[in-house]
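Colleague: I'd like to learn how to read aromatic pairs in a model like this one. Can you walk me through it?

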Amino acid sequence: MKEIITIQDLQFSINEVFLFEAEVLHVKSNEVIGIVGKNGAGKSTLLQIIAGEITMPAGSMDWKYTIQTEFVRQEQAVYKNQLVHADERNLLAKLSVPMKNYEHLSGGEKLKARLAKGFAANADMLLLDEPTNHLDEAAARQIINFIRNYPGIIITVSHDRNFLDQIATKIWAIEDKKITEYEGNYSHYRAVRTESRKAQQNAYNQQQKRIKQVENQLQNLSSWSEKAHKQSTKQEGMKEFYRVKAKRMDSQIKSKQKQLENELAKSRIERLTPEYTVQFSLPPNQKKGKRLLEVKDLQKHFGSELLFEHVNLTIQTGDKIALIGPNGSGKTTFLNILMGKEPSEGNIWISSAAKVGYLTQEVFDLPLQQTPEQFFYKETFAERGKVQNVMKHLGFNASQWTEPISNMSMGERVKCKLMQFILEEKDLLLLDEPTNHLDLPSREQLEQTLMEYNGTILAVSHDRYFIEKITNKKWVIEDHQVRSPIMEAASKDDLELKRLELENEQQEILGKISFLTKKDETYTVLDQRLNEIMRLLRELKS
């Protein structure tokens, strides 16, 4: 492969905060380079430097050939999606992007529109920033095929391990403010990195043993020297002997110290930097056994286009529900309807006692000119300290407390939104693609936190691992319906067993309810569960 670009002695800072450095990076023809690193490490900034949008303050970028570059950003608040030529129209059709104005497209459709324009440009080098965010599985597979068949260079930022394993031929890892180049895909990079860290730790341990050994020798020599100096002033007839002995000891001490200093100067092994981690938790929910939300005969049209109809669903306290469906099926619209942000037909009831938190997938709906200090305004020093402590555990540095949110990476903006839920007690969380833009440690911590959270969740996500880990129910949008399947791909025996379980529970509830009046609080709870069981039995029979 031909060398196309050589980047040397790169150093970059923003507002006097050092971001990263690299001794040398190579870009060769037909490579697919994956850029990885934590939120805020500078991955998107590195793409902007390569695209020529940011000037390199230090170092050199040597272009061996003149090539055309196309840049597809991860998010754009405003975007003109007029069709340019037939190639773009064909890609839009393959990706099932409807012919609508950009602002009327779903999050996944917006990204697919930008990707279609990027791939259709047929540039020598294509820069992609988080190209699988928002995408359903079918669309993600299509993008992987586009990349594999692309004739030029591709450099992509991604937190998607599976995606990088399938497409990357090289990894640029931004860790501890250094960019290191690794040949191979993501899994190979992780394996090499693990072995390198083990070797560094072993070498460091051996060096510490050597330092301890020399320090013990120095301590013994110092004791003997100190003793000789004392004796040289006390013992008559032996003063000269002990004076010479003391000088010899002093000389040995200096020699040992110099030897150790020279050893460390030649090959000092640095202590391993601890692995980057993220820590946070959500306040516990105290409400139990109550209906939080109910949807009756919901319908939604966009003009003459039907999105869904005859939707009847209930959310009970403690439910953790995944709302799934292909790009453009109406998942975000459904959440916006529940929050009263989108008009619809039908009835929606939300408990007046419910405290609802809504995490949108947008990253431009924060007050971008405010700082975290202003956004999370607190009157007392203790309250401000609590917010700053949460920021620290989420991976922010201290200087970001007084910097505009607009300076944050997309992942850091998502974390900023998560902070609102961490700092406030919520009964019901509506989460729209909550893992988009988050680095791997943040995703893993979010999954663990939501697993432990005893409140109620309705989450939109295309991340199968996330869905399986944190949810216990699914609502599926398909064929203009939003339904709650009991068992996906279940056998006839499984379905019959489920039917018997539901019928037994139905009889048990009927027996209990016969001893209650409608004024009893337990009556309401049992009646709601009875209606839910009847609905599930109807689904099993259909």
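Predicted model: local features only at pLDDT ≥ 70, side-chain atom pairs only at ≥ 80, totals over all residues.

Colleague: Then how far apart are Tyr-186 and Tyr-189 in helix H6, in helical turns?

Modeller: Helix H6 covers residues 186-231, and the two tyrosines are three residues apart in it, so about one helical turn separates them.

Colleague: What describes a pair of aromatic rings?

Modeller: In general, you give the distance of the centres and the angle of the planes. For Tyr-186 and Tyr-189, the centres are 5.5 Å apart and the planes meet at 65°. Planes over 60 degrees apart count as edge-to-face, so that is what this pair is.

Colleague: And are those two buried or exposed?

Modeller: Buried means under 20% relative accessible area. Tyr-186 comes in at 11% and Tyr-189 at 3%, so Tyr-189 is buried, and Tyr-186 is buried too.

Colleague: How many aromatic pairs turn up in the whole structure?

Modeller: Eight. One of them joins Phe-119 and Tyr-150, edge-to-face, with 5.8 Å centre to centre and 80° between the planes. This one links distant parts of the chain: Phe-119 belongs to helix H3, while Tyr-150 lies in the loop between helix H4 and strand E7, 31 residues apart. Both residues are buried. Ring pairs also bring in Phe-146, giving a cluster with Phe-119 and Tyr-150.

Colleague: Which ring does the charged end of Lys-2 sit over?

Modeller: That of Tyr-65, 4.7 Å from the ring centre. Likewise, the charged end of Lys-110 sits over the ring of Tyr-102, 5.5 Å from its centre.

Conventions: Residues numbered from 1 in each chain as written. Heavy atoms only, no water. Phe/Tyr/Trp six-rings, centres within 6.5 Å; stacked < 30°, edge-to-face > 60°. Helix = DSSP H or I, 4+ residues; strand = E, 2+ residues; numbered from the N terminus. Buried < 20%, exposed > 50% of the residue type's maximum accessible area, 1.4 Å probe, protein only. Lys NZ or Arg CZ within 6 Å of the ring centre and 35° of its normal.
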